[in-house]
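Have a look at the chain first, then try each task before reading its solution.

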Amino acid sequence: MLTRFLYASLLPFMSLHSTGLAASESPSPLKIVQSLESGKPVKIVCFGDSITGQYYHTGGRRAWPQALGQTLLELYPNAQLEMINAGISGNTSAHGLERMETDVLAHKPDLIIAMFGMNDAAHLEVDDLRQNLQQIVQRAHAHNAEVVLMTPNAIADDDPSRTVERLAEYSEVVREVARANE
């Protein structure tokens, strides 16, 4: 199983390609692309905090998992796609681990997109995020699910626990875990 990572922007993800690790490498598609193209059923669970779970980030119109599902159906018109939003406001990666079995793995997903880090930066040490993401990836792979790890998005905020520098450090940990699991 490969673990992929993406930056906060979903644009590179819309065709389900991973971000290249080096300039000379071309992005490689996830295995579920074949299923999307052929019309086989695909279940994607989007797993994270309020950035995943809530609609307020899009002015009340839709959360990014819904937008991703809609875009994937446009890109892969034969797809039989089920999108599940398992985002919960205020969650850290530690909370995610606690509910992974019931909220994610119980759905038997083909792909898990995990986006943690924003609340981790405010409440957990960077090594906690590293260990928690590693466990999330291991559990997903044990259930034959592919994984995409997304970095937390940057915010314009006065919160000293979520400075640009701190979020950059937590984002690099997400990338490190993804690289370690390729």
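**Exercise 1: the chain as a whole**

Find what share of the 182 residues of the chain is buried. Solution: 48% of the 182 residues count as buried, meaning under 20% relative accessible area with a 1.4 Å probe and protein chains only. This is a predicted model, in which local features need pLDDT of at least 70, side-chain atom pairs count only at pLDDT 80 or more, and totals for chains, interfaces and linings use all residues. Residues are numbered from 1 along each chain as its sequence is written, and side-chain values use heavy atoms, with hydrogens and water left out.

**Exercise 2: confidence**

Find the mean pLDDT (the predictor's confidence in each residue, from 0 to 100) of the chain. Solution: the mean is 82, and 79% of the residues reach 70 or more. Next, look at residues 1-27, where the pLDDT is below 50. Where pLDDT is low, the predicted coordinates should not be read in detail.

**Exercise 3: a helix pair**

Describe how the axes of α4 (residues 93-103) and α6 (residues 126-142) cross. Solution: start with the axes, lines fitted to C-alpha atoms over the stretch in contact, with angles from 0 to 180 degrees between N-to-C directions. They come within 9 Å and cross at roughly 25 degrees. Therefore α4 is roughly parallel to α6 (angles under 35 degrees). Now list the contact (heavy atoms within 4.5 Å): α4 gives Ser93, Ala94, Leu97 and Met100, while α6 gives Asp128, Leu129, Asn132, Gln135, Ile136, Arg139 and Ala140.

Key:
Helices (H or I, at least four residues) and strands (E, at least two) are DSSP runs, numbered from the N terminus. Angles under 35 degrees count as roughly parallel, over 145 as roughly antiparallel, 65 to 115 as roughly perpendicular and the rest as oblique. Buried means under 20% relative accessible area, exposed over 50%, partly exposed in between (1.4 Å probe, protein chains only).
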